[in-house]
Amino acid sequence: MKKKIIVAIDGHSSCGKSTMAKDLAREVGYIYVDTGAMYRTVTLYALRHGMFQSDGTVNEEALREAMPTVQVSFGLDPATQLPHACLNGENVENDIRGMEVSSHVSPIAALPFVREAMTRQQQLMGQAKGIVMDGRDIGTVVFPQAELKVFVTASAEVRAQRRYDELTAKGKTVNYEEILQNVTERDYIDSHRSVAPLRQAPDALLLDNSHLTIAEQKAWLRQRFDEAVARQ
């Protein structure tokens with residue numbers, strides 16, 4: 001029986017990490033965890049409980065006190081066989097994907113106490129290996145020992161267009177320029193935060209998928225996975 005590994009996929013927002021990670025996990029029978037969804041779920045909690053102040057900053061004290069009661073988990077959608085994010089048992093997958101959460105998630109994800117809580121949960125999820133996890137700091141902080149690390153990027157314009165297409169396909173009315181601004185701002189905040197900034201791990205494989213199809217990305221990742229398993 002082949003030895004199971006940890007696959008850590010990091011990269012910028014809206015660069016297709018989740019699609020790649022989900023497809024690989026389904027193909028090889030691994031558990032998929034979207035860590036970005038975990039930070040989005042905490043952000044949704046903060047929005048629902050009025051924890052953003054009028055200037056857009058977070059009421060850190062209120063959120064810190066509430067964190068022990070914020071339970072982030074994943075359920076399995078019986079129709080798609082894909083995981084959906086849950087906030088205290090409630091399926092919030094659709095709620096966390098809109099622009100309101102997108103435009104508030106980076107300051108939440110930059111808070112050290114939020115990152116510590118989520119990192120602990122993520123490390124517990126990966127104890128048995130056989131997991132594909134995507135996010136911003138999986139290969140650098142959560143699983144620096146991962147057997148396969150990939151860092152995904154694409155131009156901001158390409159990523160904004162993908163996000164625009166994804167949201168309009170869901171029937172949402174969105175503005176491309178607003179999405180592009182959001183993508184650029186998130187890149188800056190994610191890369192410059194003091195705790196676990198977004199960066200490529202020294203031993204991560206770089207994939208710029210600006211001009212790749214989903215099928216090409218999928219084939220590239222599967223080949224890297226097979227190579228990593230063969231090395232075990």
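A pocket is an open set of grid points with protein on both sides within 12 Å along at least five of seven lines. The legends below describe close-up views of a predicted model.

**Figure 1. The largest pocket of the predicted model.** The largest pocket has a volume of about 1100 Å³. Its lining comprises 47 residues, and those nearest the centre of the pocket are Ser 18, Lys 22, Asp 34, Arg 97 and Glu 166. Sorted by class, the lining of this pocket contains 19 charged, 15 polar and 13 nonpolar residues.

**Figure 2. The second largest pocket.** A volume of about 190 Å³ is computed for the second largest pocket. Of the 15 residues that line this pocket, Tyr 30, Ile 31, Tyr 32, Leu 76 and Pro 83 lie nearest its centre. Helix H1, strand S2 (31–34) and strand S3 (72–76) are the elements that each give two or more residues to the lining. The lining of the second largest pocket divides by class into eleven nonpolar, two polar and two charged residues.

Figure 3. The model has one cavity of 30 Å³ or more, and the volume of the largest cavity is about 40 Å³. The residues lining the largest cavity are Met 20, Asp 23, Leu 24, Glu 27, Gln 217, Lys 218, Leu 221 and Arg 222. Two or more lining residues come from each of helix H1 (17–28) and helix H10 (214–230). Four of the lining residues are charged, three are nonpolar and one is polar.

**Figure 4. Packing of H1 against H10.** The axes of H1 and H10 lie 10 Å apart, and the two helices pack at an angle of about 55°. H1 is therefore oblique to H10, and the crossing of the pair is right-handed. On the H1 side the contact consists of Thr 19, Met 20, Asp 23, Leu 24, Glu 27 and Val 28, which meet Ile 214, Gln 217, Lys 218, Leu 221, Arg 222 and Phe 225 of H10. The contact of H1 with H10 has six nonpolar, four charged and two polar residues.

**Figure 5. Packing of H2 against H6.** Helix H2 (residues 35–48) and helix H6 (residues 112–125) have axes that come within 11 Å and cross at roughly 140°. This angle makes H2 oblique to H6. H2 passes H6 in a right-handed crossing.

**Figure 6. Packing of H8 against H9.** An angle of about 125° separates helix H8 (residues 156–169) and helix H9 (residues 176–192), whose axes are 9 Å apart. H8 is therefore oblique to H9, and the two helices form a right-handed crossing. H8 contributes Ala 156, Glu 157, Arg 159, Ala 160, Gln 161, Arg 163, Tyr 164 and Leu 167 to the contact, and H9 contributes Tyr 176, Ile 179, Leu 180, Val 183, Thr 184 and Asp 187. The contact of H8 with H9 contains eight nonpolar, four charged and two polar residues.

Terms used
Residues are numbered from 1 along each chain as its sequence is written. This is a predicted model: local features need pLDDT of at least 70, side-chain atom pairs count only at pLDDT 80 or more; totals for chains, interfaces and linings use all residues. Side-chain values use heavy atoms; hydrogens and water are left out. On a 1 Å grid over the protein atoms alone, a cavity is a set of points where a 1.4 Å probe fits but cannot get out, and a pocket is an open set with protein on both sides within 12 Å along at least five of seven lines; lining residues have an atom within 4 Å of a point. Grid points are joined across faces, edges and corners, and a volume is the space filled by probe spheres set on the points. Helices (H or I, at least four residues) and strands (E, at least two) are DSSP runs, numbered from the N terminus. Ala, Val, Leu, Ile, Met, Phe, Trp, Tyr, Cys and Pro count as nonpolar, Asp, Glu, Lys and Arg as charged, and the others, Gly among them, as polar. Axes are lines fitted to C-alpha atoms, for helices over the stretch in contact, and angles run from 0 to 180 degrees between N-to-C directions. Angles under 35 degrees count as roughly parallel, over 145 as roughly antiparallel, 65 to 115 as roughly perpendicular and the rest as oblique. A crossing is left-handed if the near helix is turned anticlockwise from the far one by less than a right angle, and right-handed if clockwise. Contact means heavy atoms within 4.5 Å.
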